[in-house]
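Trainee: I would like to learn how to read a model like this one, step by step. Could we begin with the idea of burial and then turn to the packing of helices?

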Amino acid sequence: MHDKHPNKSWKAKLHRIIYEADTPNGRLFDVILLIAIIASIIFVMLESIKSFDARYHNFLDIAEWIITIVFTIEYILRIIAVKKPFKYIFSFYGIVDFLSTIPKYISLIFIGTQVFIALRALRLLRVFRILKLARYLGASNMLANSLKASRPKILVFLFAVFIVSIIFGTLMYLVEGEASGFTSIPVSVYWCIVTLTTVGFGDITPVTPFGQFIASFIMILGYGIIAVPTGIVSAEYVQQNKGRSTGVPTPPAVDLNTESCPNCSAERHKDHAKYCYNCGHSLSDYS
């Protein structure tokens, strides 16, 4: 994507680097941030292993401080780079960024073994960083479009499964009866759904030969049912990908980029859009 803003202030350049991923610097920033997020999540997981934490506690503590400082700088830069800072601060990702940064600083205030348990609970907030990964999964747009396009077919399919569950559940209630644990039709329908989805808790089991035959049929049917929604979504995904590769967009597909409005921070704008779809502000005006 070509740079649409050749003459930009330092604040505009900072905004494009931090909030957009269509430029080399923006992609580099996202890659570095992704590495930091993944490293932080790994450190949190390793820290939960007592034997590992006892051996490498100092290393994990220093690494966490480094990552916390990186995210603090990122948080401050995000506030500076937007025209309306409070829009970002009170947005979903703004709150996530804040919650993923403060626990380490809180540990400096509350010192003492008596609050150690509380600190451990506060430090679990760092896991919120994993939510930030979704911000950089640009390919998820195509998957989301495929799911939306498949929604009517999947709803019809689920309705059919519900009808099948009621029919076979009622049949099992008549065949097995209360003696085998099928005390009512709703309980029998519950058993049918559990069996049909191949979960099989085993809390209710048929004992009669005919009931076991029906259960076997439902189990085999369950494997086929699992493949149906997968095939529906896969077909839509292939259609979306085919439209992009041939240059002819399919109706559900919309080419979106990472352009972020400097005024309201709205994202997911169409390619070559000049104005924000949310507030109408010019995407090239960073003043």
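Mentor: A residue is called buried when its relative accessible area is under 20%. Bear in mind as we go that this is a predicted model.

Trainee: Which residues of helix H1 are buried?

Mentor: In H1, which covers residues 10–19, the buried residues are Ala-12, Leu-14, His-15, Arg-16, Ile-18 and Tyr-19. These buried residues pack against helix H2 (24–47), helix H3 (50–81) and helix H4 (85–89).

Trainee: How is a pair of packed helices described?

Mentor: In general, one gives the angle between the two axes and the distance between them. Here the axes of H2 and H3 come within 9 Å and cross at roughly 145°, and H2 passes H3 in a left-handed crossing. Among the residues that make the contact are Phe-29, Leu-33 and Ile-37 of H2 and Phe-59, Ile-67 and Phe-71 of H3, and the residues of this contact divide into 13 nonpolar, one polar and five charged.

Trainee: Which residues touch the most other members of the largest nonpolar core?

Mentor: That core has 17 residues, and those touching the most other members are Ile-18, Tyr-19, Leu-33, Ile-37, Phe-43, Phe-71 and Tyr-88. H1, H2 and H3 each supply at least two residues of this core, while apart from it lies another core, of 13 residues, including Phe-157 and Trp-191.

Trainee: Which residues does the UniProt annotation "transmembrane region" cover?

Mentor: According to that unreviewed entry, the annotation covers residues 28–46, 58–82, 154–175, 181–201 and 213–235. In the model, residues 213–235 are 100% helix, with end C-alpha atoms 34 Å apart, whereas residues 181–201 are 57% helix, with end C-alpha atoms 13 Å apart.

Note on methods:
Residues are numbered from 1 along each chain as its sequence is written. This is a predicted model: local features need pLDDT of at least 70, side-chain atom pairs count only at pLDDT 80 or more; totals for chains, interfaces and linings use all residues. Side-chain values use heavy atoms; hydrogens and water are left out. Buried means under 20% relative accessible area, exposed over 50%, partly exposed in between (1.4 Å probe, protein chains only). Helices (H or I, at least four residues) and strands (E, at least two) are DSSP runs, numbered from the N terminus. Contact means heavy atoms within 4.5 Å. UniProt positions are given in the numbering used here, feature names are shortened, and annotations may be inferred rather than shown by experiment. Axes are lines fitted to C-alpha atoms, for helices over the stretch in contact, and angles run from 0 to 180 degrees between N-to-C directions. A crossing is left-handed if the near helix is turned anticlockwise from the far one by less than a right angle, and right-handed if clockwise. Ala, Val, Leu, Ile, Met, Phe, Trp, Tyr, Cys and Pro count as nonpolar, Asp, Glu, Lys and Arg as charged, and the others, Gly among them, as polar. A nonpolar core is a set of buried Ala, Val, Leu, Ile, Met, Phe, Trp, Tyr and Cys residues joined through side-chain atoms within 4.5 Å.
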